[in-house]
Amino acid sequence: MTEPLKRPRRKDPLKRTQQPLYPQSIRSRTAHGLTKAAAAGRFELQTCDDCSTVFYPPRDACPTCLSERLPFKTVDNRGTLLAETTIRTSTDPYFRERTPWRVGLTKLDAGPVILSHIHGDVLEGQRVRLDLKLDKGGAPVMIALPEKDTPNMADDPHLREMTCDPKFRRVLITDGRTPVGQAMARAFSDAGCNIVFVGIADPWKPFPGQDELRKIERVEIVPLDVTDSESVTEQAEQNGGRIDIVVNTAEHIRAGGIMQRHGVTVAREEMDVRYLGLMRLAQAFGPAMRGRGADGVNSATAFVNLLSVHALMNWPQYGAYSAAEAASLSAAQCLRAELRSGGVRVMNVFFGPLDTEWFQIVPPPKVTPAALAKAVVQALQRGLEDVFVGDIAEDVRARLAANPKALERELAG
Amino acid sequence: MGALKDPQGNARLPYDNVVVCAPVTVPYVRYSTDTAHWWIGRALHQLTKTAGIAPKDIDGLVLSSFTTGADSAVGMTQHLGLSPRWLDHVPMGGVSGVVGLRRAARAVQNGDAQFVTVVAGDTNHVDSFRKTLSSFSRFAQDAVYPYGSGGANASFALITKNYMNKYGVTREDFGKICVAQRDNALSIPFAMMKKKLTLDAYMKARPISDPLHLFDCVMPCAGAEAFLVCREDVAKSLRLPAVKLLSTIERHNAFADDPIQVRGGWAVDVDDLWQMAGVKPDDVDLLQTYDDYPVIITMQFEDLGFCNKGEGKDFIRQHTFTTDGTFPHNTSGGQLSTGQAGAAGGHLGITEAMRQLTDQPIGKPVKDAKIAVVSGFGMINYDRGLSSGAAVLARAS
């Protein structure tokens with residue numbers, strides 16, 4: 001049974017900080033099919049279109065019939081752990097710091113034999129579920145989990161290396177004025193965060209929901225305005241060394257396209273919040289997070305961007321907004337590359353229209369702030385990288401994968 | 001001996017008039033600042049001296065190495081100043097010795113070349129082992145190295161664990177093999193490990209990747225091995241002690257449906273091996289297995305027909321495996337005691353068997369040795385060793 005995590009004590013400043021390292025993350029181009037599935041939390045293996053053979057490791061020809069039609073498809077992840085070993089000597093610095101480390105061979109019911117990491121509650125000979133995760137370097141890896149959930153299983157130290165569980169971590173929610181920011185504060189408090197820092201620009205200005213926000217356990221209101229470099233820097237100086245998860249809830253949503261607007265003032269504000277805001281946060285909080293990627297139970301672990309799904313394809317009804325979201329997405333991809341060496345994950349959460357005042361004119365289905373917050377916490381607990389929340393977001397994802405040109409025409413109305 | 005049939009009924013020609021001579025070992029070192037080119041050069045130099053031929057006489061070459069960098073066998077001909085009319089590059093690790101031997105034998109037999117030199121050499125820089133591991137194969141990169149980076153030790157630990165579970169062989173059984181090989185190595189001056197090993201020390205050694213402990217694992221080192229394949233009359237004219245090649249087998253990626261490896265490709269071809277050689281397992285005076293781990297040795301005892309599958313443990317308990325005992329095995333100490341000089345590890349057994357069959361052993365002699373079997377195994381690509389091979393050698397009458 002997994003030993004439940006202990007709430008970390010205040011850090012001894014004289015103690016050595018474990019340096020962030022990550023396992024070898026080079027993969028063949030074909031193996032990045034696993035990266036794609038792991039980023040979205042799906043268990044997929046190559047399955048031959050011609051003879052239905054399921055196989056692993058990834059290949060460019062079917063080992064049964066030599067076909068080249070080998071898409072990654074969702075397959076049954078159940079199997080039996082045939083043999084395990086405990087590695088005590090490793091040539092890789094990441095594992096050397098973490099041995100003993102168990103790995104084993106699982107025979108999947110679907111066919112292939114897969115080498116994987118092993119959850120602490122799994123023993124040789126047992127039935128297991130294989131899960132596809134991203135490791136500290138963002139590379140796809142298999143882990144054998146118990147057949148059924150076990151108590152505290154998320155606290156397993158090796159599994160926790162592959163997730164961004166908020167439990168006992170300290171989160172910064174960058175804007176607590178919005179319904180989404182407040183829902184997020186509640187969800188992270190419920191998820192067991194040690195401190196929920198909630199940024200408020202101009203705290204002296206009252207805002208709806210502020211009393212309820214202050215009542216949430218372990219919430220600490222801090223001054224933060226993502227459009228003000230000085231404010232962001234000051235907040236990072238104050239708390240940057242003990243922030244493990246950043247959730248950027250700063251938003252700027254206005255309906256309308258680009259031709260009918262008068263001037264660029266609003267567009268500039270959108271970019272200031274959504275693109276430059278992200279850049280300010282990255283510059284102020286990123287370096288400390290990257291340095292603390294292996295700093296124990298409450299190591300820095302994730303930078304979460306909330307993005308309209310229309311960052312991926314412009315929705316002319318909210319055309320200027322979509323453009324600012326696209327800029328933010330592009331910056332987030334850059335940040336992902338920059339934080340990788342620290343083992344800190346950048347998670348992009350794509351949502352459809354929210355059930356908030358700025359999407360009044362949009363018909364349902366819409367995403368409630370509470371649903372979005374719940375999805376973010378769950379995605380961190382699972383260690384995902386790309387998350388789609390709500391029916392519209394899922395719909396856009398599917399249509400984008402099928403035919404981007406059709407989606408563009410259809411969104412144009 | 002008449003024409004033989006393979007399992008499909010096709011005729012397989014015997015290796016008429018082909019012999020193997022001039023065994024060369026360039027003494028191993030743990031780490032070397034020299035390159036693979038240097039080691040291969042030393043081996044060839046020594047071989048020309050031993051055989052009494054000039055470099056320009058070498059008209060056939062088989063090369064095996066992991067560490068020549070961008071240089072293939074072709075590049076090596078210019079580096080070494082050779083101009084062969086027959087060239088082969090056998091990057092097959094532990095099976096490259098047997099495979100190189102059988103390629104060379106046919107080239108000589110068919111007259112494509114007269115003096116085929118089979119050479120393997122690898123250097124071992126301080127960090128080259130880790131680098132070799134992480135980029136050993138595409139499957140290793142995608143699906144093995146990211147899982148603990150335990151290298152071959154972790155992969156063979158899983159094979160060993162499964163084998164122990166299935167057939168009831170114990171660590172003490174494996175230890176007996178390792179201890180016997182160490183006894184054999186004590187008379188070999190260039191063996192990496194020359195301190196006597198006791199079963200107690202074997203059992204108490206530090207764990208590497210359960211159930212493997214320190215003395216189950218080979219020590220990577222630098223070294224080179226070489227030998228010459230030519231016609232029997234040519235060897236005679238050079239007054240070179242030579243051994244006959246009776247038969248060979250080779251197989252890759254056998255038994256792909258076995259969930260975990262419990263047998264190697266030998267089991268597919270073993271009848272062919274004995275039939276072509278015209279001898280049986282009982283006739284064998286010494287066996288040189290590929291000994292990267294004791295579990296693989298045990299599989300070779302079974303798959304080559306010295307005992308049945310699953311009876312490896314009884315076979316181990318029946319014999320001493322020492323050079324002067326019953327069933328002499330890995331009489332130079334094998335890689336477990338001599339060290340693993342990269343691809344040269346696949347040639348170590350061949351040069352040792354040649355020396356025993358020509359009465360010029362480096363260490364203790366195997367008395368009245370007439371028939372030797374050399375076995376190769378290699379290339380753990382994902383979860384198992386893919387390549388197997390074996391050769392039967394005989395004292396020239």
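Tutor: Residues are numbered from 1 along each chain as its sequence is written, chains are lettered from A and ligands numbered from 1 in the order in which they are written. The model is predicted, with local features needing pLDDT of at least 70 and side-chain atom pairs counting only at pLDDT 80 or more, while totals for chains, interfaces and linings use all residues.

Student: Why is Val219(A) called buried?

Tutor: A residue is buried if 20 or more other C-beta atoms lie within 10 Å of its own, exposed if 12 or fewer, and partly exposed in between, with C-beta atoms placed from the backbone. Val219(A) has 22 C-beta neighbours inside 10 Å, so Val219(A) counts as buried.

Student: What is Val219(A) in contact with, beyond its neighbours within four places in sequence?

Tutor: Contact means that two C-beta atoms, placed from the backbone, lie within 7 Å. Val219(A) touches Ala185(A), Ser189(A), Val196(A), Val198(A), Leu213(A) and Arg214(A) on that count. Val196(A) is 23 residues away along the chain, with a C-alpha separation of 4.6 Å.

Student: Which strand holds Val219(A), and what makes strands β10 and β11 of chain A a pair?

Tutor: Val219(A) lies in strand β11 of chain A. Helices (H or I, at least four residues) and strands (E, at least two) are DSSP runs, numbered from the N terminus. Two strands pair if DSSP finds at least two bridges between them. β10 (195-200) and β11 (219-223) of chain A have 5 bridges, in the parallel sense. One bridge sets Phe197(A) against Glu220(A) of β11(A).

Student: What is the hand of the crossover from β10(A) to β11(A)?

Tutor: The β-α-β crossover is right-handed, and its path runs through helix α5 (210-215) of chain A. Right-handed means that, with the strands pointing away from the viewer, the path from the first strand over the helix to the second runs clockwise.

Student: How do you know that β1 and β3 of chain A are paired?

Tutor: There are 3 bridges between β1 (44-47) of chain A and β3(A), and these strands run antiparallel. Leu45(A) has Lys73(A) of β3(A) as its bridge partner. The open sheet has 3 strands in the order β2-β1-β3 (chain A). β2 (54-55) and β3 (72-74) of chain A are its edge strands, since each pairs on one side only.

Student: Why is Asp122(B) called buried?

Tutor: Asp122(B) has 28 other C-beta atoms within 10 Å, and therefore is buried. Asp122(B) sits in strand β6 (116-122) of chain B. Its contacts outside four places in sequence include Trp39(B), Phe66(B) and Ala344(B). Gly345(B) is 223 residues away in sequence, at 9.4 Å from C-alpha to C-alpha.

Student: What makes a set of residues a nonpolar core?

Tutor: It is a set of buried Ala, Val, Leu, Ile, Met, Phe, Trp, Tyr and Cys residues joined through C-beta atoms within 7 Å. The largest such core here has 238 residues, and Val229(B) is among those with the most contacts inside it. This core draws at least three residues from each of domain 1 (32-157) and domain 2 (170-412) of chain A. Those bounds come from an automatic or database domain assignment. Val229(B) is in contact with residues including Val18(B), Leu101(B) and Val118(B), leaving aside its neighbours within four places in sequence.

Student: How many residues of chains A and B are in contact?

Tutor: 32 residues of chain A are in contact with 30 residues of chain B. β4(A) gives the most to the side of chain A that touches chain B, with 6 residues.
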